Amino acid sequence: MEITEFVETLRLDGSLLADAAEEAGLDASVPACPEWQVRDLVTHIGRVHRWATEIVAQGVQQPSGPAEAPDLPDGELISWLREGHHHLVLALHSAPRDLDAWAFLPAPSPLTFWARRQAHETSVHRVDAQQAAGASLTPLPTAFAADGIDELLTGLHARERSGIRTDVPRTLRLRATDAPDADWTVHLSEAPPRTVRTPADARSVPGSGSGSPEQGKAVDCTIEGPAEELYLTLWNRRPWDALTITGDRELPELWRERAGV
């Protein structure tokens, strides 16, 4: 996806997030994050947006974390969220393509990284806000959802902090049924997960759970479904029963319990 596509998704979902948070009310519970109320969700994403804005706008070179949120009355919190989101969108729109700044995952460029990461961060939390409000979820573009699966598997869960570990090595295949080449083989062990994009000439028959997803090796579990469903389920925002699961059903449960980022 292009940087402009990420920024446009960020722009739309940030506005939808604020609208849903306002509709839900700050005391509403966030279903996917039981320890959070909408107030905590708004505070979190507001801090993250301002953190990313500073890094992009100032070309920050050293690792850092979000600053603490100001102590605002409830009546000002949604406006604070909207303001921070607006400044992030402007910063990404106006940043030079050769931006030199710190990033914490591999990417073609720092600007690509920050546009991509903030778009997915905001989209997932927009879902949280809409679920808290009891509203219908705004659909995600298929290509964007497939990209988000890739970021989650090859980026976020490739880090040492990933909790997806198994005592006995096992292999999980994930396939988005509505996106070309959206097919991954995840190798699980006591180390952080290692994900490879499943080669086109090594893919098994869809739904079989067997075959040769990588170098002739069968997988322990295959999970398939539309990109949006797979994306939100891997982020623990949707139940697993909307997907087709073949093989070892302990692996989806392992993911559900340990995949927090």
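Me: Why does Ser162 count as buried in this predicted model?

Reply: The cut-off for buried is under 20% relative accessible area. Ser162 has 5% relative accessibility, so Ser162 counts as buried. Ser162 is found in the loop between α5 (142–154) and β3.

Me: What does Ser162 touch, not counting residues up to four places away in sequence?

Reply: Ser162 touches His157 and Pro193. Ser162 and Pro193 are 31 residues apart in sequence, yet their C-alpha atoms are 7.6 Å apart in space. The side chain of Ser162 also reaches the backbone nitrogen of Ile164, at 3.3 Å.

Me: What makes the pair of Glu224 and Arg175 a polar contact?

Reply: A polar contact needs a pair of N or O atoms within 3.5 Å, one able to donate a hydrogen and the other to accept it. The side chains of Glu224 and Arg175 make such a contact at 2.8 Å.

Me: Which side chains make a polar contact with the side chain of Arg170?

Reply: The side chain of Asp248 does, at 2.8 Å. The side chain of Glu250 does too, at 3.4 Å. Both values are set against a cut-off of 3.5 Å. Arg170 is found in strand β3. Leaving aside neighbours within four places in sequence, Arg170 is in contact with several residues, among them Val186, His187, Leu188 and Asp220.

Me: What is the order of the strands in the open sheet?

Reply: The five strands have the order β5-β4-β3-β6-β7, with mixed pairing. What makes β5 (194–197) and β7 (244–247) edge strands is that each pairs on one side only. The twist averages 15° from one strand to the next.

Me: How do you know that β4 and β5 pair?

Reply: Two strands pair if there are at least two bridges between them. Strand β4 (residues 183–188) and β5 have four bridges, in the antiparallel sense. Thr185 stands opposite Val196 in β5.

Me: Which helix touches β3 and β6, and which helix lies across β3, β4, β6 and β7?

Reply: Helix α6 (residues 227–234) packs on the sheet and touches β3 (170–176) and β6. The direction of α6 makes about 135° with that of β3. Helix α7 (residues 250–258) lies across β3, β4, β6 and β7. Helix α7 runs at about 85° to β3. The range for roughly perpendicular is 65 to 115 degrees.

Me: Where do the side chains of a regular strand point?

Reply: In a regular strand the side chains alternate between the two faces of the sheet.

Me: What makes β1 and β2 a pair of strands?

Reply: The requirement is at least two bridges. Strand β1 (residues 29–30) and strand β2 (residues 33–37) pair over two bridges, in the antiparallel sense. A hairpin joins β1 to β2 through two residues. Val30 stands opposite Cys33 in β2.

Me: Why are α1 and α3 called roughly antiparallel?

Reply: Angles over 145 degrees count as roughly antiparallel. Helix α1 (residues 3–24) and helix α3 (residues 74–94) pack at about 180°. The two helices are therefore roughly antiparallel to each other. Their axes are 10 Å apart.

Me: Which residues meet where α1 packs with α3?

Reply: In α1 they include Val7, Leu10, Arg11 and Gly14. In α3 they include Ile78, Leu81, Arg82 and His85. By class, the contact has 10 nonpolar, four polar and four charged residues.

Me: What is the phi of Asp181, and what is the phi of Asn236?

Reply: Phi of Asp181 is near 65°, a positive value in a residue other than glycine. Phi of Asn236 is near 60°, also positive in a residue other than glycine. Asp181 is found in the loop between β3 and β4. Asn236 is found in the loop between α6 and β7.

How values were computed: Residues are numbered from 1 along each chain as its sequence is written. This is a predicted model: local features need pLDDT of at least 70, side-chain atom pairs count only at pLDDT 80 or more; totals for chains, interfaces and linings use all residues. Side-chain values use heavy atoms; hydrogens and water are left out. Axes are lines fitted to C-alpha atoms, for helices over the stretch in contact, and angles run from 0 to 180 degrees between N-to-C directions. Angles under 35 degrees count as roughly parallel, over 145 as roughly antiparallel, 65 to 115 as roughly perpendicular and the rest as oblique. Contact means heavy atoms within 4.5 Å. Ala, Val, Leu, Ile, Met, Phe, Trp, Tyr, Cys and Pro count as nonpolar, Asp, Glu, Lys and Arg as charged, and the others, Gly among them, as polar. Buried means under 20% relative accessible area, exposed over 50%, partly exposed in between (1.4 Å probe, protein chains only).
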